[in-house]
Amino acid sequence: NGLLIKSGTALERLAQVDTVVFDKTGTLTMGVPEPVNLDARDTMEQAIARALAQGSAHPLAQALVAAIPAQAIDVTDIREVPGHGIEGRWQGLRVRLGRAAWVGAEAGKTTATWLAVEGRAPVAFAFADRVRPGAEALVKSLIAQGISVHLVSGDVPGAVSDLAGRLGIDDWRAEVLPEEKASFVKALR
């Protein structure tokens with residue numbers, strides 16, 4: 001979301017930049033994901049997902065809160081597990097909303113958050129997000145200046161690969177946890 005610059009005037013500092021690392025959601029995309037398959041989820045799945053999502057500031061969680069009407073449902077012991085998702089208890093069962101691997105599912109090719117209710121197969125809430133206007137021109141300009149451009153995202157490989165291809169970014173990484181993103185940037189210094 002920004003450049004780490006150490007010293008000198010703003011222009012001198014900008015001239016020293018040789019690498020830019022982008023996140024995907026909200027940086028190269030609009031960051032306003034919209035659920036695209038709510039009609040495939042039953043009322044209870046939607047209610048549990050919304051109750052869990054209320055405990056997170058993650059863009060996918062907030063998109064579910066905005067799209068699913070509030071319902072009276074008792075999900076307790078809600079806690080966020082950074083980089084993985086949100087979990088709680090519903091009717092004595094563990095419920096989780098988050099990364100496919102964390103809930104016991106296999107990630108698909110589209111951006112999704114997964115709901116797992118203990119004893120049931122996980123279900124996906126799929127999303128679409130638009131490329132931010134000017135993102136393609138910015139990436140092309142950076143590459144034309146000889147600046148190394150990387151895309152590092154927590155999203156699934158299919159979604160990250162698709163965006164990287166559309167923007168001309170050859171070096172991309174998917175399913176990267178927050179601490180791994182920080183380590184990647186640190187290793188580039």
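Let's start with strands S6 and S7. S6 covers residues 112-117, S7 covers residues 123-128, and the two pair in the antiparallel sense over four bridges. Helices (H or I, at least four residues) and strands (E, at least two) are DSSP runs, numbered from the N terminus. Two strands pair if DSSP finds at least two bridges between them. Within this pair, Ala112 stands opposite Ala126 in S7.

A word on the source. This is a predicted model, where local features need pLDDT of at least 70, side-chain atom pairs count only at pLDDT 80 or more, and totals for chains, interfaces and linings use all residues. Residues are numbered from 1 along each chain as its sequence is written, and side-chain values use heavy atoms, with hydrogens and water left out.

Now the whole sheet. It is open, has six strands, and runs S2-S7-S6-S5-S4-S3, with antiparallel pairing. S2 (34-35) and S3 (75-81) are the edges; each has a single partner strand, so one side of each has no neighbour in the sheet.

What lies across S2, S4, S5, S6 and S7? Helix H3, residues 59-67, at about 95 degrees to S7. For that angle, axes are lines fitted to C-alpha atoms, for helices over the stretch in contact (heavy atoms within 4.5 Å). Angles run from 0 to 180 degrees between N-to-C directions.

Next, the cores. A nonpolar core is a set of buried Ala, Val, Leu, Ile, Met, Phe, Trp, Tyr and Cys residues joined through side-chain atoms within 4.5 Å. Buried means under 20% relative accessible area, exposed over 50%, partly exposed in between (1.4 Å probe, protein chains only). The largest core has 22 residues; Ile48, Leu52, Leu64, Val95, Leu97, Leu115 and Phe125 touch the most other members. H2 (43-53), H3, S4, S5, S6 and S7 each supply at least two residues of this core. Apart from it lies another core of 15 residues, including Val20 and Leu163.

Finally, charges. A salt bridge is a side-chain nitrogen of Lys or Arg within 4 Å of a carboxyl oxygen of Asp or Glu. The count by this rule is eight. One of them joins Asp23 and Lys181, at 3.0 Å, N to O. Asp23 is in the loop between S1 (19-22) and S2, and Lys181 is in H7 (residues 178-188), so the pair ties together parts 158 residues apart in sequence.

Buried or exposed: what about Glu45 and Arg41? Both are buried, and they form a salt bridge with the closest N and O atoms 3.4 Å apart.
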